[in-house]
Amino acid sequence: MRHALWVAAGLFLAFSVADYHLLGFSNAFFVLITTRTSVALACILLALALRKRTALAQRPLPINLICLLGISTLLLTIPLRPAPDGIHLASIVVASMALYLFVPNRLPWMLIWNVYLVTGFAIVVPLWDPLPGGLMATSLLLLGFVNLLGWMSVLRLNRLQREQFASLLEERAINRQLQSEIEERSQLEERLRYMACTDDLTGIANRRRFFELAERELRRAQRDHSPLVLCMVDIDLFKSLNDRHGHAVGDIVLTTVASCCQSVLRETDIIGRYGGEEFVIALPKANLYTATTIAERLRERVASLSLPMVPDRHALSVTVGISRVEPGETRLDPALLRADQALYDGKARGRNCVVVAHHGPSLSAMEA
């Protein structure tokens, strides 16, 4: 619409040059240039307004006002500017076609303005620039054919637009459905990844996921020559507690101990459920003293727990075995076996203690 308005303004101003060559500085010339300039300015102002407020293109008044001014100026040209036979007819035909082409989605108004254009031509021409009878009849038939052709073209274009819009809506619906299916698939994949890496009961990493993360930390420790410590954590007398109070209470105990472990660990530490009532912890960049301090804090936290379903005489406690990964070890298994052996040593000493695997004569156990 904006482009059509700019073109219309340019054409109306350009025809002023032709008016000057035919009329010179006459009264008719000044009337024509005034009306043409008024129409051009109206087109320019509406084009600028549409640039800021596109909603104006949907309102009938601005466009209808421009059409009224333009058609009236075109009809006014017939009595004011003499022209050879057929020139005015050609301009009327072009104007009629332009109404159909450049005023979209307004078929009723197109018909109204073309009726005004043809009626005005049929009235003004016999009065001011009469044509031979046969030529006048031919002109009216030509205008009628142009309007019929324009009307049919607009109907066909509107039908194609509706079909295109329906196809667009269908495509958007299909795209939304595909997007929904993609999101559901992504959520399902994310859920499957979570289930594959997480222990369902405690919410911490399962055994497979723990070893994936711990192996990554082992490679980093070898590359950076930094320490890595493994801890084995076992809930004391869990089997008898499970048998006495039931599996539901046992599940609560496992979940509570896992939460205690997470509460005392650093953000970089890794914890996983090793199996049954055992948990395994990897402490990157931690020496044995730091690991022992963390394990002792964990033991004290569990020992201070008070669960309503567990009597005081069956207070919870854990035994922790600790071992560091020695330089040159390329696998976690040796350190894990030493931590497991330290755990069994702690069980033999009476449970509820932290035991460091023997790495040298200066290392000893910390017991409760």
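Mentor: Helices here are DSSP runs of H or I with at least four residues, strands are runs of E with at least two, and both are numbered from the N terminus. Bear in mind that this is a predicted model, where local features need pLDDT of at least 70, side-chain atom pairs count only at pLDDT 80 or more, and totals for chains, interfaces and linings use all residues. Residues are numbered from 1 along each chain as its sequence is written, and side-chain values use heavy atoms, with hydrogens and water left out.

Trainee: Okay, where is Asn352 found?

Mentor: Look at the loop between helix H11 (333–348) and strand E5 (353–356). Asn352 has a positive phi of about 50 degrees, although it is not a glycine.

Trainee: Which residues is Ser317 in contact with, beyond its sequence neighbours?

Mentor: Contact means heavy atoms within 4.5 Å. Leaving aside neighbours within four places in sequence, Ser317 is in contact with Asp234, Ile235, Asp236, Val302 and our friend Asn352. Ser317 sits in the loop between helix H10 (288–303) and strand E4 (318–324), and it counts as buried because its relative accessibility is 13%.

Trainee: What polar contact does the side chain of Ser317 make?

Mentor: A polar contact is a pair of N or O atoms within 3.5 Å; within protein, one must be able to donate a hydrogen and the other to accept it, and residues adjacent in sequence count only if both atoms are side-chain atoms. For Ser317 the partner is the side chain of Asp236, at 2.7 Å.

Trainee: On to helices. How many residues has H3, and what span does it reach?

Mentor: The expected span is 1.5 Å times one less than the number of residues. Helix H3 (residues 60–80) has 21 residues and reaches 30 Å from its first C-alpha to its last, close to the 30 Å expected. Its buried residues include Ile63, Gly70 and Thr73, and among the elements covering them are helix H1 (2–23) and helix H2 (27–52).

Trainee: Which residues does Val39 touch?

Mentor: Val39 lies in helix H2. Not counting residues up to four places away in sequence, it touches Phe12, Leu69, Gly70 and Thr73. Val39 and Gly70 are 31 residues apart in sequence, but 6.1 Å apart in space, C-alpha to C-alpha. With a relative accessible area of 2%, Val39 is buried.

Trainee: And strands: how many bridges join E2 to E3?

Mentor: Two strands pair if DSSP finds at least two bridges between them. Here five bridges join strand E2 (residues 270–275) to E3, and the strands run antiparallel. Ile270 stands opposite Ala282 in E3. The two strands form a hairpin with two residues between them, and Gly276 in the turn has a positive phi of about 60 degrees.

Trainee: Last one: where does the charged end of Arg207 sit?

Mentor: A charge sits over a ring if NZ of Lys or CZ of Arg is within 6 Å of the ring centre and within 35 degrees of the ring normal. For Arg207, that ring is Tyr274, with the charged end 4.1 Å from its centre.

Key: Buried means under 20% relative accessible area, exposed over 50%, partly exposed in between (1.4 Å probe, protein chains only).
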